[in-house]
Amino acid sequence: MRSRVMATSACLLFLLSACGDAGGGALTLPSRGPKPIVGVILPDQTSSTRWEAQDRPLLTQAFTYADIEPFIENANGDEGKFLRIAEEMIRRKVKVLVTTPLSSAGGLAVQKKAKEAGIPVIDYDRLTLGGQAEYYVSFDGVNVGQLQAEGMLSCLGAKPGAQIVEMEGAPTDHNATLFAQGHKSVLGPRYESGALELVKTQSVEGWKPDIGGPLFEQILNDNGGKVDGVIAANDGLAGAVVEVLKKKGLAGKVPVTGQDATVEGLRAILRGEQCNTVYKPVRDEAEAVARLAIAVARGDLAGADDLATGNLRDPVARRDIKSVLLGATLIKKDSVRRLVTEGVVKAQDLCTADLVAVCAGQDIVTG
């Protein structure tokens, strides 16, 4: 492994554009101009469409406007590529490194290298457990989980002993742990009292719907084909659950939660297949991390501390991390219109042929 990393580093160092990368092409290197450089490593293109569709353009715009050179790359779910990108960014002497780690182990390996080079790190959206990041920017994960659980309860209604399946996110992602904590804070007392019955809590590697779907189907089959509600930790997993429910003739009859307010998730809500999603304004998160990174890149640590007024406890490192923790909103069928009005999603993208009448009924105008 060591020889592979050394060989890859040499490739990056001396002939990056020619060597390329097995994980998805050569890096897009910034110019060697006088502007300070901020490095950003996005995690993948599968756990959510947000990373390339929203985060990259928003961050690029914010840094460019601030006269900062953006160096933004996507690890494409590959730990090796995540490390190689970080090594090149460190070699380029970025002023600050913003990372969304694929795992805490991978994030920590990068943070150690950055610390040795004297480069501060901001954990973005996901926390590196046991890490050394100076700052953390994300949404309040426990609150997100609570919103999902409360939304599911509102869709479930009064059904004594209702059987619930919890499809959680990647076990390597601390956000998934925080969401699960939120679920348990709301549903735990109901499980203990017998008001609800927990069938199973299932983590899904990499948040991958193609893994989550079969796992849910097996749980459903093992439970005699019965389920009354499903906590799905994001819209991708919710979609996989809905596909299984369709096969069983249960779609629209079983409340399913989601998260991220994706177009597909919102369509499923309008169809009645998904009961809610949680909207986390990526624009707010990208703006927050950009402002923080710009302050750090300019050496304004006092200004950065003024922005990071919250604290998140790292239970592994046993320290509090200066944080920006943002709020989220529960979205149901009658509030989808709000996201169209606010420009989060376009009506023409949302209201496909089978949903034109539904959109009209919700006052969603396609123009």
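Two strands count as paired if DSSP finds at least two bridges between them. Keep that in mind for the sheets on this tour of a predicted model.

**Stop 1**

Select strand E6, residues 162–168, together with E8. Four bridges join E6 to E8, and the two strands run parallel.

The three strands form an open sheet in the order E7-E6-E8, with parallel pairing. Strand E7 (196–203) and strand E8 (229–232) are the edge strands, and each pairs on one side only. On average, neighbouring strands of this sheet are turned by 15° against each other, with direction ignored.

**Stop 2**

Which strands does H6 lie across? Helix H6 lies across E6, E7 and E8, and its direction is at about 170° to E6.

Next select helix H5 (residues 141–156) along with helix H6 (residues 174–193). These two helices pack at an angle of about 40°, and their axes are 6 Å apart. H5 and H6 are therefore oblique to each other, and their crossing is right-handed. To see the contact, show side chains. Among the H5 residues that take part are Val142, Val144, Ala149, Met152 and Leu153, while the H6 side includes Leu178, Phe179, Val186, Leu187 and Arg190. Colour the contact of H5 with H6 by class and there are nine nonpolar, eight polar and two charged residues.

**Stop 3: the seven-stranded sheet**

Move to the other sheet on this tour. Seven strands make an open sheet in the order E2-E1-E3-E4-E5-E11-E10, and the pairing is mixed. From one strand to the next, the twist averages 25°.

Zoom in on E10 and strand E11 (residues 319–326). Five bridges join these strands, which run antiparallel.

**Stop 4: helix H2 against H10**

The axes of H2 and H10 come within 9 Å and cross at roughly 40°. H2 is therefore oblique to H10, and H2 passes H10 in a right-handed crossing. On the H2 side, the contact is made by Arg50, Gln54, Asp55, Leu58, Leu59, Ala62 and Phe63. On the H10 side, select Val282, Arg283, Glu285, Ala286, Val289, Ala290, Ala293 and Ile294. How do the residues of this contact of H2 with H10 divide by class? They divide into 10 nonpolar, one polar and four charged.

**Stop 5: helices H3 and H4**

Select helix H3 (residues 79–91) and helix H4 (residues 104–116). They pack at an angle of about 15°, with axes 10 Å apart. That angle makes H3 roughly parallel to H4, because angles under 35 degrees count as roughly parallel. H3 passes H4 in a right-handed crossing. In H3, the residues making the contact are Glu79, Phe82, Leu83, Ala86, Glu87 and Ile90, and in H4 they are Gly106, Gly107, Val110, Lys113 and Ala114. By class, the contact of H3 with H4 has six nonpolar, two polar and three charged residues.

**Last stop: the whole chain**

Zoom out and show everything as a cartoon. How many helices and strands does the protein have? The secondary structure comes to 14 helices and 12 strands. The radius of gyration of the protein is 22 Å, close to the 21 Å that the globule rule gives for 367 residues, so the protein is as compact as a globular protein of that length. Turn the view along the principal axes: the C-alpha trace spans about 60 × 45 × 40 Å.

Technical notes
Residues numbered from 1 in each chain as written. Predicted model: local features only at pLDDT ≥ 70, side-chain atom pairs only at ≥ 80, totals over all residues. Heavy atoms only, no water. Axes fitted to C-alpha atoms, helices over the stretch in contact; angles between N-to-C directions. Parallel < 35°, antiparallel > 145°, perpendicular 65-115°, else oblique. Left-handed = near helix turned anticlockwise from the far one by under 90°. Contact = heavy atoms within 4.5 Å. Nonpolar A, V, L, I, M, F, W, Y, C, P; charged D, E, K, R; others polar. Rg over C-alpha atoms; globule rule 2.2 N^0.38 Å.
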